[in-house]
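Me: I am new to reading protein structures. Can we go through one together, feature by feature?

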Amino acid sequence: MASNRIGRINEEIQRELSTLLRTVKDPRLQNALVTITHVDTTSDLRYARIFISALDKGQEAEMMKGLKSASGYLRRELGAALRLRYTPELQFIADDSIEQGAHILEMLRNPEVVKPANPANTHINLEEEE
């Protein structure tokens with residue numbers, strides 16, 4: 001029962017932070033394309049780990065510094081929007097799961113890496129099916 005509540009809080013934090021990130025005036029975050037991939041809040045609502053993915057991996061280090069410096073502002077605005085007893089302390093973590101998923105998908109589509117389970121099906125081309 002409590003995990004369902006934490007799940008709803010995680011979704012709400014993710015939704016609110018995604019809108020709040022557009023209001024941050026830090027120049028390190030102005031041109032960065034940031035995606036919040038996942039939020040993980042502790043059961044006592046004291047800490048929230050925010051997993052962030054950047055489109056440009058070259059800007060990721062500067063973007064993380066910008067997020068760390070803006071965490072106080074984001075926490076204050078999040079507290080006003082959510083009205084929880086405790087507003088969790090925000091910890092931003094770089095997430096590369098989107099990049100890993102794209103790499104795995106690329107490997108699966110490579111015929112030298114993945115062989116068909118049944119050699120009789122080598123004539124089937126999956127990309128032409130609709």
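Me: In the hairpin of β1 and β2, which residue takes a positive phi?

Reply: Start with a caution: this is a predicted model. Now look between the two strands. The hairpin of β1 and β2 has 5 residues between its strands, and Leu45 is the one with a positive phi, near 60°. Leu45 is a residue other than glycine.

Me: Is Leu45 buried or exposed?

Reply: The test is relative accessible area: under 20% counts as buried, over 50% as exposed. Leu45 has 7% relative accessibility, so it counts as buried. Its place is in the loop between β1 and β2.

Me: Where is Arg83 found?

Reply: Arg83 is in the loop between α4 and β3. Its phi is also a positive value, near 55°, and Arg83 is not a glycine either. Apply the accessibility test again. Arg83 has a relative accessible area of 74%, so it is exposed.

Me: Let me step back. How many helices and strands are in the chain?

Reply: Count the elements, then read their order. The chain has 5 helices and 3 strands. Starting at the N terminus, the order is α-α-β-β-α-α-β-α.

Me: How many bridges join β2 to β3, and in which sense do β1 and β2 pair?

Reply: Take each pair in turn. β2 and β3 run parallel and are joined by 6 bridges. One example is Phe51, whose bridge partner in β3 is Ile93. β1 and β2 are antiparallel, with 7 bridges. There, Asp40 has Arg49 as its bridge partner in β2.

Me: How many of the residues of β2 are buried?

Reply: Check the strand residue by residue. In β2, 6 of the 8 residues are buried, so the strand is largely enclosed by the rest of the structure.

Me: Now a helix. Which residues of α3 are buried?

Reply: First, the general idea. An α-helix has 3.6 residues a turn, so residues three or four places apart point the same way. Now the case here. Helix α3 covers residues 60-69, and its buried residues are Glu60, Met63, Met64, Gly66 and Leu67. Viewed down the axis of α3, they fall within an arc of 160°, so they line one face of the helix.

Me: Which exposed residues does the face turned away from the buried side carry?

Reply: On α3, that face carries Ala61 and Lys68.

Me: Where is Leu90, and what does it touch?

Reply: Leu90 sits in strand β3. With 8% relative accessibility, it counts as buried. Set aside residues up to four places away in sequence. Leu90 then touches Leu17, Ala48, Ile50, Ser71, Leu74, Arg75 and Leu78. Leu90 and Arg46 lie 44 residues apart in sequence, and their C-alpha atoms are 8.9 Å apart.

Me: With which residue does the side chain of Asn10 make a polar contact?

Reply: Look at the side chain of Thr41. It makes a polar contact with the side chain of Asn10, at 2.4 Å. Asn10 belongs to helix α1 (residues 2-20). Its relative accessible area is 12%, so Asn10 is buried. Beyond its neighbours within four places in sequence, Asn10 is in contact with Val39, Asp40 and Thr41.

Me: What do the totals for the chain say?

Reply: Begin with burial. Of the 130 residues, 27% count as buried. Next, surface. The chain exposes about 9,400 Å², and carbon and sulfur atoms supply 51% of that. Last, contacts. Among those with a separation of 6 or more, 64% are between residues 24 or more positions apart.

Technical notes. Residues are numbered from 1 along each chain as its sequence is written. This is a predicted model: local features need pLDDT of at least 70, side-chain atom pairs count only at pLDDT 80 or more; totals for chains, interfaces and linings use all residues. Side-chain values use heavy atoms; hydrogens and water are left out. Buried means under 20% relative accessible area, exposed over 50%, partly exposed in between (1.4 Å probe, protein chains only). Helices (H or I, at least four residues) and strands (E, at least two) are DSSP runs, numbered from the N terminus. The arc is that of the directions from the helix axis to the C-beta atoms. Two strands pair if DSSP finds at least two bridges between them. Contact means heavy atoms within 4.5 Å. Accessible areas come from the Shrake-Rupley method with a 1.4 Å probe; for residues, only the protein chains shown count as cover. A polar contact is a pair of N or O atoms within 3.5 Å; within protein, one must be able to donate a hydrogen and the other to accept it, and residues adjacent in sequence count only if both atoms are side-chain atoms.
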